[in-house]
Structure formats: C-alpha cells, structure tokens
Amino acid sequence: MNLHLADLADARVAIWGFGREGRATLAMLRRRFPDKVLTVFCSASEADALKVCDIVSPPTGSGERNILDARLRLITDGPDAEALSQFDIVIKSPGISPYKLPAAAALRAGVRFTSGTALWFAEHPHARTICITGTKGKSTVTALIAHLLRKGGQRIALAGNIGLPLLALNAPAPAPDWWVIELSSFQTHDFGGVPSVAVINNLYEEHLDWHGTRERYFADKLAIATHAQRLVVNAQETLLRATHVHPARSVFGNSEGWHVAGAAIRHGAIDVLPLSCLPMPGLHNAQNMCAALAAIDAAGFDSASLAAHVASFQPLPHRLQRLGERDGIDYVNDSIATTPYATIEALRSLGERPVTVLVGGFDRGVDWQPFVRHVAAHAPAMIVTMGANGDAIAAALRQVETPDFALVSAGSLDAALVLARSHTLAGGTILLSPGAPSFDRFRDYAERGREFARLAGFDPAAITQIDGIGIV
C-alpha cells in the first residue's frame, strides 16, 4: 500500500537516515506539519551537521540529543527493531536495506516503511515522468534526456538519485512539463510510482550487500516496469527479454530502433548522428545516447530532430573524466565505476593506449571473473589492486595463465597511485576505474574522484557538479 502525506498526520513518524533524502524529507514534513513531533535516527556526524536548530545540551547516555526545537528528537544510537517499533511509520533512507536487520524484524512486527521517493510519487500521481534505472549509465542517460528535451523547449525537472531528492521539489510553481528522474535499485524496490515512461538501461550483478541475492537485485530493478505506461529497454540485455510482455514496450540497441552502427548512431536504417559529435568517449556512452533518444520517442517527441543538441551536453564528472597530463602521463577519473563491468567499458573506451588501471574498494561480493576474462584477452599495461577487496581481485587475476599485464597491490588509493606512477611510462594513461564502491575509505565516489585528482596534482575543486539539476 502506498502511503500519502495525509497518512502521516496522526501517525508516530520517524526518519531513519539523514543523507540528502533524509534532509529533504525532514524539511518537507516540517513545512507540512509544523507542530508535529518527529524523530530522526542518524549518525553522530549527521546530527552535528543538522542546521534545523542548535544543540543546546550535550548528548545523553541514550544517544538522544536535546535540541532547541522541542518537536524534533535526534537519536544517534543505531535503532534496533524494538526502537523502530515505537513508530507507526518509518521513512527510511535508500541505503538502508529492508532485507537486513533491524528493518526486516521491524517489518515483521508491523512497522510500515516508506521512503521520500515513494511519498513523492504518491503525492504526484498525474505528473508526467520519465524514470531511468539500470546498473550503469543511468545518470548519463537521465541528464541526456533532460538536456535534449530542454533544447526542444520543454520545462524539465531533473532530480532523483542523480543528486536532488524529489521531495526537495515537492510542490514547484509552476510545475515542470516533465520530470526526468533517476532511480537506484534501492528506490525502485518500493517507489510505487506509475512512470509515464520507464527506461531500463542495462542489468548486471550489483549491490548484493543491500539486496542479499542477485535475484532480488534483478527483481527490484525490474519493479519499475510493473506499472509503467511505456517501457524502454536495452535489446542487447538477455535479462531484459522477459519484459516483452509489457503492452507498450520499445527497445534500443538493435535494428528496430536507436542503435550504434559503424561510426554513427542510427535510427532503423538511417544514420542520424556521427559518433564524433558525442562529447562523451566510449561505445557505452553512444549506447547511453541511444537509450535517451528511445525514451524521448516514447514520451511522444521527435528525438531525431533533437539529437544534434548532444554537442552542447556537458559530460558528467567522475565518468571517464580526463583530468589532464602530468610528466607525460594522462590521468582519467572514472570513480563512478562501481562494478567490474563498468571498468571493462572504461578500458574499452581507451582503445590501444598503454593503461595502468586502479581497481578495488568496498567489497559487495560481486563476481570479478568477467573482468579477469576481459583483461586476459585485452590486457592493460598494468593493474593495481587496492582497497578492501583488492587482495581478492589480485588473487583472481593471478589465475590468468601467462598474463600480458603487470600486477601489483596497494592498501590505499594514495599508495596505489605511487605504484602506478613508478611503473607508467610517458605516453601512458593512469585510469581510476575501481569497479567497486568507495565506502571502505570514502563517503562516496565523488570524494574518491576528487582525492584522485588531488593526489595526481590537479585541483579537485575544478571538478564541476552535474549541470542542470533542478527545474529549468
């Protein structure tokens, strides 16, 4: 059952987690229910960063902080099922898995969970939405759709997992013509929306620490298709073939629709856009463009007439971002690569250049054998493993018979970069494409990418934010 804001009026409500979505949720609830008692479960650092009001007394032994607003309780002890059961409704942040304790136990005890994203969709049942998900490339596809539609004269909201929570734009006036929304697998699990157009870009194994099994991950991703009025999927993805039962399904990636053929993006038998016009490198980015054009068609626009506007698109940071050259070595920041498949695509995009690639980070338990098979057949000059799963990746790579790549290991990003520099000759490229999340060392991929830039001798502040977030 989808919960609406009206359902919260007389309920005991807690917010669990205080990242971007948690902060947007609290701000919206305080505007909607100015006198309501609210509880926030968050970390001590999140509590310290809370700007709603000042802490006026030190933390108590229970982890509760007394603050100026008597209607708001901050609890910095991690909640157990009993603590969560004191509430009728818990609005949880996307990173908290419903499959793991204590959420799973609280669910069994009858606590109703929702999210900021789910609340937004419940409040906007008639909004025209293009919702994009996929294991990789979803941010680029989302930003491309927004950019091209804006060039076509539409007023567009660009929001969601791309960096701006939907509840931060809960009741804009005037409303945008279309909402272009990126959704993670955490959000598609329970968002409960009815997208005007849903796009599934691709589907690889990922986020097993949150979903528990690859089957759950795939099911949570595919949930976006359940109620979508129109569905757009990648024809090249075997796991998406089951979506053929959708009554209004279209595809990209084959000759039926938008696809890459030779040196151009083609619609059916017609070359529409030379690949040289794309401001983003790599075949995977050409395929991302095909996904965006197919979504625009599904929304009822003439995408072919808008395609050339990609030339003015600002590529997203941390995605095969060339930082520059130092001592004859090119540095490329692909910190967004959090799966081995993304690292494979990054290596492919660099062609025949001698590449030293830095891989490893937080261990989500995904299978690195596809990466091992790729580098066995298409060897970079060197692989430097690092981070929490670095040793496991190195062990898998050592199984390659007569490898054509050098292999070294480091414990951290700075140590990995020192090794990379000492082994990379002028004319080579050092590529940060970890194939794993950053949570073992960094807050997120962006912080990791900025640190890579700093260590390489570039200004991390020069790495811009995603262009066009919000309503334009």
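Biologist: Is the crossing of H6 and H10 left-handed or right-handed?

Modeller: It's a predicted model, so local features need pLDDT of at least 70 and side-chain atom pairs 80 or more, while totals for chains, interfaces and linings use all residues. Residues are numbered from 1 along each chain as its sequence is written, and side-chain values use heavy atoms, leaving out hydrogens and water. A crossing is left-handed if the near helix is turned anticlockwise from the far one by less than a right angle, and right-handed if clockwise. On that test, the crossing of H6 and H10 is right-handed.

Biologist: How many residues of the contact of H6 with H10 are nonpolar?

Modeller: Contact means heavy atoms within 4.5 Å. H6 brings residues including Leu144 and Leu148, and H10 has Met289 and Ala292 among them. Nonpolar covers Ala, Val, Leu, Ile, Met, Phe, Trp, Tyr, Cys and Pro; Asp, Glu, Lys and Arg are charged, and the others, Gly among them, polar. With three polar and no charged, the nonpolar count is 11.

Biologist: Are H12 and H13 roughly parallel or oblique to each other?

Modeller: Axes are lines fitted to C-alpha atoms, for helices over the stretch in contact, with angles from 0 to 180 degrees between N-to-C directions. Under 35 degrees is roughly parallel, over 145 roughly antiparallel, 65 to 115 roughly perpendicular, the rest oblique. The axes of H12 (residues 340–349) and H13 (residues 369–377) come within 8 Å and cross at roughly 20 degrees. Therefore H12 and H13 are roughly parallel.

Biologist: How many of the eight residues of H5 are buried?

Modeller: Buried means under 20% relative accessible area, exposed over 50%, partly exposed in between (1.4 Å probe, protein chains only). Trp120 and Phe121 are among the buried ones, and the cover includes H1, S5 and H7. H5 is largely enclosed by the rest of the structure, so the buried count is seven.

Biologist: In what order do the three strands of the open sheet lie?

Modeller: Helices (H or I, at least four residues) and strands (E, at least two) are DSSP runs, numbered from the N terminus, and two strands pair if DSSP finds at least two bridges. The order is S13-S14-S15.
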